[in-house]
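Hi there,

I am passing on the structure we talked about, and I hope you will enjoy looking through it. My notes come after it.

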Amino acid sequence: MKRYECLKLLAPMVDEHMFAVTSLSTNTPFWFNVRPEGPNFFALNMGLCLPFALGLTAAFPKRKVISIDSDGSLMNDSSSLITVADVNPPNLVAFVFDNSSYAFMGSTFTARRTDLAKMAQGAGIAKSGTVRTLEEFSAAAKQAIESTGPHFIVAKVEPDAGRVAADRSRTSGRPMREWFMDAVRRHPDYQGRR
Amino acid sequence: MKRFDCLKLLAPMVDEQMLTVTSLSSNTAFWSDLRREGANFFGCNMGLCIPFALGLTAAFPKRKVIALDSDGSLMVDSSSLITVADVNPLNFIVIVFDNGSYARMGTTFTTRRTDLEKIAQGAGIANTATVRSEEALSTAVKRALEASGPHLIVAKVEPDRVRVKGDPHRTYGRFMRECFVDAVRRHPDYKGGKRGD
């Protein structure tokens with residue numbers, strides 16, 4: 001299964017008011033290509049994707065928040081799964097694209113003994129599973145977006161063959177953050193600063 | 001089940017050449033009373049008990065290394081379980097004393113949805129157990145000392161009612177570290193410092 005194919009399937013399920021957060025991986029350029037508009041926060045550093053998304057679930061409780069994380073990033077701070085389980089946000093849909101490799105720096109632990117879906121279950125996220133085909137991915141994503149969460153979906157994907165270019169001014173640094181803040185301010189649920 | 005009773009059971013099973021590491025919790029005070037000699041490193045900060053002990057397993061591959069961790073500490077960095085599973089040290093025994101509370105600051109996640117044993121299994125540690133009685137703990141530790149590891153045992157204990165103060169010199173700071181380094185230097189498996197000290 002290819003990551004880009006999964007994200008292409010996911011994009012039409014995500015409406016304009018849902019939030020999406022991506023990890024620093026090919027998730028970022030791919031997701032930018034399939035969903036350039038709307039409240040997206042791109043390229044969170046290792047370990048920070050799921051915690052950032054968790055904060056958004058509290059700020060926008062009526063909207064689904066989609067965390068598009070990757071295996072290397074999640075394993076940097078797997079304790080965030082415990083926090084997610086404890087906060088138990090009904091509007092969180094967390095995907096982990098598990099290609100079992102650290103970019104071009106060798107394989108990750110999931111290539112050997114580690115099972116992220118099982119860790120999430122242990123942390124206390126009951127709706128947690130692993131998908132290996134596009135059909136399974138599509139069904140799991142649809143079900144997760146339509147039902148009460150938190151959901152945790154590990155999508156086993158191939159390592160990406162090449163690098164993907166994206167507009168860096170939209171996916172990193174201050175311009176990206178300003179796009180995100182603009183989208184938040186224009187969001188119908190935004191209540192203004194406290 | 002009480003933590004001190006568990007540690008009293010454990011102490012006679014730990015021979016003088018084994019290495020132990022405790023987390024910053026009542027594990028430290030209790031263990032320092034029970035095992036006064038040998039290579040003990042006390043009071044590792046939150047999240048650091050298992051990683052420190054994992055390093056010792058590599059330095060002393062022929063000896064058992066016992067990490068006496070606690071639930072709050074382990075959950076600061078549960079990713080260390082992934083590293084343990086991947087390194088797969090045969091001489092490693094982790095005992096997590098899970099009292100479901102952060103000292104006197106309220107309950108931890110294990111009183112609600114979190115199952116540490118299941119997280120460890122998910123991380124890839126095959127030999128795990130959760131024990132709720134002293135007999136079960138004793139059996140699990142015996143098995144872990146006899147078979148190759150890594151082993152992780154979650155011991156469900158009551159929160160401690162009274163505060164136990166170990167000897168602060170032996171359980172904290174530079175003097176504790178010097179005692180530990182001395183014990184390491186006197187250890188029969190010690191090969192000398194890499195820089196010749």
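Predicted model: local features only at pLDDT ≥ 70, side-chain atom pairs only at ≥ 80, totals over all residues.

Let me start with helix α6 of chain B, which covers residues 116-123. Six of its eight residues are buried, so the helix is largely enclosed by the rest of the structure. The buried ones are B:Leu116, B:Ile119, B:Ala120, B:Gln121, B:Gly122 and B:Ala123. What do they pack against? Part of the answer lies in the other chain: α6 (116-123) of chain A is one of the partners. The others belong to chain B, namely the helices α4 (71-76) and α5 (80-87) and the strands β4 (92-98), β5 (127-131) and β6 (151-156). Just after α6(B), you will find B:Gly124 with a positive phi of about 120°.

One of those packing partners, β4(B), deserves a paragraph too. Seven of its seven residues are buried, so this strand is also largely enclosed by the rest of the structure. B:Phe92, B:Val94, B:Val96 and B:Asp98 point one way, while B:Ile93, B:Ile95 and B:Phe97 point the other way.

Which strands does β4(B) pair with? Strand β3 of chain B (residues 65-70) pairs with β4(B) in the parallel sense over six bridges, and β6(B) pairs with β4(B) in the parallel sense, again over six bridges.

Happy browsing, and best wishes

Conventions. Residues numbered from 1 in each chain as written. Chains lettered and ligands numbered in written order. Buried ≥ 20, exposed ≤ 12 C-beta atoms within 10 Å, placed from the backbone. Helix = DSSP H or I, 4+ residues; strand = E, 2+ residues; numbered from the N terminus. Contact = placed C-beta atoms within 7 Å. Pairing = 2+ DSSP bridges.
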